[in-house]
Amino acid sequence: MPETTPVELLRSLESTAREVRQEVIRMTFAAQSGHPGGSLSVTDLLTALVFHELKIDPARVDWPDRDRLVLSKGHASPALYAALALRGFLPREELASFRKLGSRLQGHVDRTKLPCIEASTGCLGQGIGMAVGMALDARLRHGPQRVYAILGDGECQAGPTWEALMAGGHYRLSNLVAILDRNGLETDGTTESIMGIEPIAEKFRAFRYHTIEIDGHDFSQILSALDEARRTTDGPTAIVARTVKGKGVSFMEGKHQFHGKPPNKAEADQALAELSRTPEAPP
Amino acid sequence: MSAVLGKAESLRDAYGKALVELGEKDPTLVAMDADLSGSTRTILFGQKFPDRFFNVGVMEPTMMSIAAGLALQGRTVYASTFAVFAAGQAYNFVRQSICYNKANVKIVATHGGLLVGADGGTHQIVEDIGLMRGLPGMTVIVPADAPTTRAATFAVADRYGPAYVRLTRENLPTVTDGSFQIGKAAELRGGTDLTIVAVGSLVARGLEVAAELAQVGISVRVLDFASVKPFDAPALLRAARDTGAILVLEEHSVLTGVGALVASTTSENYPVPVRRVGVPDVFGESGDPWALMDRYGMSKERIRDEAWELLRARGKVH
């Protein structure tokens with residue numbers, strides 16, 4: 001509900017998201033590997049979850065009643081690490097260790113190394129199934145936990161994604177929210193030229209999801225959709241968030257080439273310069 | 001039936017009944033199946049605890065990730081289907097969702113091996129032990145009879161982490177006293193001239209051949225290696241030292257199964273002649289279950305021939 005969302009909250013989330021994006025650039029540049037494009041597209045969704053929606057507490061990582069976040073598109077790990085670091089779950093300096101030998105910050109998120117990660121993912125089509133299991137567990141224990149799974153759109157080409165979504169719909173898991181980072185691009189090009197997934201919202205609806213379509217970079221729409229999901233009590237919710245791959249960095253936006261390619265020095269400098277500009281302080 | 005063997009019983013029934021007992025002991029335990037609950041016998045659990053039983057239909061890969069999600073919240077989860085689906089269809093889901101996540105999921109797979117019979121080669125997986133044994137952190141158990149199945153069903157619950165228990169469709173004669181322990185081989189027969197290392201359905205044939213050889217003065221030790229991983233290397237190496245030759249029997253591909261494990265373990269630590277009886281590098285076919293075992297190189301005659309071959313190589317007979 002945009003009209004009831006305080007402007008300060010929106011400004012604060014936007015500002016945090018800019019910081020997350022800067023960290024994504026620094027991490028992928030320092031590692032000279034990683035997935036900047038899909039990390040930047042999912043940043044606003046993750047920021048809204050980690051800084052507003054999720055009931056989580058950096059001081060109690062194993063709090064049983066916490067909400068669960070499963071990054072099914074585990075390659076967007078830089079954005080999740082950055083958001084969790086800014087929220088206090090790990091030291092911000094540790095972000096520099098991303099993808100390095102001995103680091104807790106694996107290329108794809110690893111719960112056994114970093115306790116604030118709920119599920120290790122990376123190979124696609126599995127995180128959403130684990131989220132369904134977590135939501136079933138919460139229902140069995142009559143717990144307050146809500147489970148949020150973030151899917152990539154390339155991942156929606158994988159059959160098991162739909163197996164898991166089918167199970168979430170079948171069991172009417174109203175504590176489950178599947179959020180699609182619909183940036184339209186995968187490694188080799190556009191999803192629609194490679195293996196089209198549209199009409200995607202209709203697919204979620206056919207799988208018994210209360211489905212909401214939003215602009216995944218508009219915080220008032222993101223918060224409004226998350227509110228609506230919480231008020232949905234007869235089954236799971238799907239949020240189809242239209243996003244831009246590489247969002248926030250002019251030369252990465254809409255480029256599948258930056259799916260799994262890090263920026264070089266000049267590109268990183270330019271990206272950081274662009275991301276340090278704020279609406280309040282134009283260049 | 002030979003005098004050395006007990007009554008043939010269903011391993012699957014033993015599993016289903018043990019699972020119900022576990023469900024009574026642990027009110028948080030959950031069981032899952034993928035539309036084969038009548039065959040795997042998880043239906044017994046489902047009838048007793050309908051709220052804690054999830055039959056997800058024909059989605060074996062996702063059954064594994066849902067099981068992992070449930071387990072990561074602190075539950076022990078049993079997930080059952082046929083071995084070809086559990087280890088084959090769902091392999092990378094077992095690998096990442098369960099093993100990489102160190103999720104406490106016990107996969108009890110029925111219908112492993114050629115004894116599936118009439119359904120044919122599509123369903124007769126003879127690669128599953130190799131696939132599952134290769135996964136870091138996975139416990140792999142291949143029971144030879146109903147008492148070991150019952151004991152293994154309980155034992156994997158007491159050991160945190162992923163487990164794969166491979167059961168067979170056919171009833172098998174009782175050959176153990178059910179005193180199975182994870183990580184321990186069971187000596188079912190003492191002997192000094194030769195050791196038979198066997199798993200699953202072929203333990204009984206190993207005992208029968210050992211009994212026959214005893215009648216001509218050959219003393220054969222028979223070890224049931226139901227605990228494939230962790231593997232009782234000390235028991236194997238003791239047998240290598242004591243008897244000087246090892247014959248491995250398994251209803252599995254000889255390329256990646258227990259024979260390969262025995263050969264590598266002995267050759268690195270105490271090299272002795274090892275011969276493997278199992279399925280060669282081929283798929284199975286439809287047929288009577290035990291006729292298939294004979295056809296694909298696991299007949300009693302073949303086991304006897306391989307035993308004599310090893311005894312000759314060791315100079316025990318001429």
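## Basis of the model

Two residues are in contact if their C-beta atoms, placed from the backbone, lie within 7 Å. This is a predicted model, in which local features need pLDDT of at least 70, side-chain atom pairs count only at pLDDT 80 or more, and totals for chains, interfaces and linings use all residues. Residues are numbered from 1 along each chain as its sequence is written, while chains are lettered from A and ligands numbered from 1 in the order in which they are written.

## A:Thr43 and its contacts

A:Thr43 sits in helix α2 (residues 36-53) of chain A. Helices (H or I, at least four residues) and strands (E, at least two) are DSSP runs, numbered from the N terminus. Leaving aside residues up to four places away in sequence, A:Thr43 touches A:Ala17, A:Val20, A:Arg21, A:Val24, A:Ala79 and A:Lys247.

A residue is buried if 20 or more other C-beta atoms lie within 10 Å of its own, exposed if 12 or fewer, and partly exposed in between; C-beta atoms are placed from the backbone. A:Thr43 is buried, because 30 other C-beta atoms lie within 10 Å.

## The sheet of chain A

Five strands of chain A form an open sheet with parallel pairing, in the order β1-β2-β3-β7-β6. Two strands pair if DSSP finds at least two bridges between them. β1 (68-71) and β6 (210-215) stand at the edges with a single partner strand each, so one side of each is left without a neighbour in the sheet. Neighbouring strands are turned by 20 degrees against each other on average, direction ignored.

β6(A) pairs with β7 (residues 237-242) of chain A over six bridges, in the parallel sense. A:Ile212 has A:Ile239 of β7(A) as its bridge partner. Helix α4 (residues 127-140) of chain A packs on the sheet and touches β1, β2 (147-152) and β3 (176-182) of chain A. The direction of α4(A) makes about 170 degrees with that of β2(A). Axes are lines fitted to C-alpha atoms, for helices over the stretch in contact, and angles run from 0 to 180 degrees between N-to-C directions.

## Helices of chain B

In α10 (residues 233-243) of chain B, B:Ala235, B:Leu236, B:Ala239, B:Ala240 and B:Thr243 are buried. These buried residues fall within an arc of 140 degrees seen down the axis, so they line one face of the helix. The arc is that of the directions from the helix axis to the C-beta atoms. B:Pro234 and B:Arg241 are exposed on the other side of α10(B). The buried residues pack against β10 (194-198), β11 (220-224), β13 (246-253) and α11 (258-269) of chain B.

α1 (residues 11-25) and α8 (residues 146-158) of chain B pack at an angle of about 35 degrees, with their axes 8 Å apart.

## Backbone exceptions

Most residues other than glycine have a negative phi, and most peptide bonds are trans. A:Arg208 has a positive phi of about 75 degrees although it is not a glycine. A:Arg208 is in the loop between α7 and β6 of chain A. B:Arg41 also has a positive phi of about 75 degrees. B:Arg41 counts as buried, with 26 C-beta neighbours inside 10 Å, whereas A:Arg208 is partly exposed, with 19.

A cis peptide bond joins A:Glu198 and A:Pro199, with omega about 0 degrees. In chain B, the bond from B:Lys229 to B:Pro230 is cis, with omega near 0 degrees.

## Between the chains

The contact takes 21 residues from chain B and 19 residues from chain A. On the chain B side, α4(B) gives the most, with eight residues.
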